[in-house]
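This report covers a helix pair, a nonpolar core and some backbone details. Please look over the sequence and structure before reading on.

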Amino acid sequence: MKLGLGLYRHMLTRENFQFARQAGATHLVAHLVDYFKGGAHATRDDQPTGTDLGWGLAGDPNQLWTTAELTAIRQGIEAEGLKLEAIENFDPAHWHDILLDGPRRAAHIENVKTILRRMGEAGIPVMGYNFSLAGVAGRTKAPYARGGATSVGMEGSYDLPVPNGMVWNMVVDPNAPAGNLPTISSDELWRRLARFLEEVLPVAEAAGVVLAAHPDDPPMPTVRGQPRLVYQPSHYQRLIDLAPSRSNQLEFCIGSLAEMTEGDIYETVDTYSRQQRLGYVHFRNVTGKVPHYRETFIDDGDVDMLRVLAILKRNGFTGVLIPDHTPQMNCGAPWHAGMAYAMGYMRAAFKTLGLP
Ligand SMILES: [Mn+2]
């Protein structure tokens, strides 16, 4: 198994690559969507939570990531002795009508195909995605974690409707007419996912790229009145069974899976790692379940992370694990301190299990 670190777009700097290497990482996961452009955020150096208006404006709908841009990011990372394992999340601007089944759906399918081909050309093996209309929304931020460390959690369900022009918790059309997105059924959401996978998986395979699906964060049956896809561990099997392709994999988030109301986290890890379908792993810990849970320090939640790691090892998982999110530590560099703490714990856990 390999230790990685996820970096938000504005953190893709030489200094942060060196920071990751210094903390023992060998791999990076890069977010290319800027979540911090327009939303109300306390800080850019923490995971985004946003407001009822989401995280702000999505990217340029007419500007896909270029092969040159992707290659330059990979080369910058390799220059510091690391490998770029994955890109995490499509830009809502590039694929929202796939999620909405909107008028530009065909063009957005072409966007995704182009991005996957370019990733193949640039030598980036995994694309993490989250097939969701409401996206990551409805979470709160407070001093939830040990010692009063600022962390993220949930204080009950959140079903305020999604306004027109917003998809995946970002604004894709600031001039959209007043009103809200129509609510769709869970079956309709699954139909949209199945159609999406059927169309793009052949291209992913040809490009040598894996699509890795994140479960819902937070894993509620609905968020903002819209259905969710993977909000119980068993739903992941349905996603895998939609397509036997080796490019149909999981962005396996231990935190989100542990927040789910059903299932046993160790059985869940065993079930999916045994099928060799983990693209990469979000290795984070929590206390509680939706709609009342808290993100914790890696050693301080409900999940025995060493036991999770031992199951992954037993089932032959050799991919990348990243800390995902951590509580912010009170100091001059709250995000970096939190990540360094998690990575130090993970390095020790690797050694304990006899991993390199
Ligand atoms: Mn995650």
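H3 and H4 cross in a left-handed way, meaning that the near helix is turned anticlockwise from the far one by less than a right angle; clockwise would be right-handed. Helices (H or I, at least four residues) and strands (E, at least two) are DSSP runs, numbered from the N terminus. Helix H3 (residues 92–100) packs against helix H4 (residues 105–122) at an angle of about 130°, and their axes are 8 Å apart. Axes are lines fitted to C-alpha atoms, for helices over the stretch in contact, and angles run from 0 to 180 degrees between N-to-C directions. H3 is therefore oblique to H4: angles under 35 degrees count as roughly parallel, over 145 as roughly antiparallel, 65 to 115 as roughly perpendicular and the rest as oblique.

The model is predicted, and its local features need pLDDT of at least 70, side-chain atom pairs count only at pLDDT 80 or more, and totals for chains, interfaces and linings use all residues. Residues are numbered from 1 along each chain as its sequence is written.

The largest nonpolar core has 110 residues, and Met-127 is among those with the most contacts inside it. Helix H5 (residues 186–207) contributes the most to this core, with 8 residues. Such a core is a set of buried Ala, Val, Leu, Ile, Met, Phe, Trp, Tyr and Cys residues joined through C-beta atoms within 7 Å. The contacts of Met-127 include Leu-116, Met-119 and Ala-212, not counting residues up to four places away in sequence; contact means that two C-beta atoms, placed from the backbone, lie within 7 Å.

Asn-169 lies in the loop between strand E7 (166–167) and strand E8 (170–171), and Arg-224 in the loop between E10 and strand E11 (226–227). A residue is buried if 20 or more other C-beta atoms lie within 10 Å of its own, exposed if 12 or fewer, and partly exposed in between.

A cis peptide bond joins Asp-217 and Pro-218, with omega about -5°. Pro-218 sits in the loop between strand E9 (210–213) and strand E10 (222–223).
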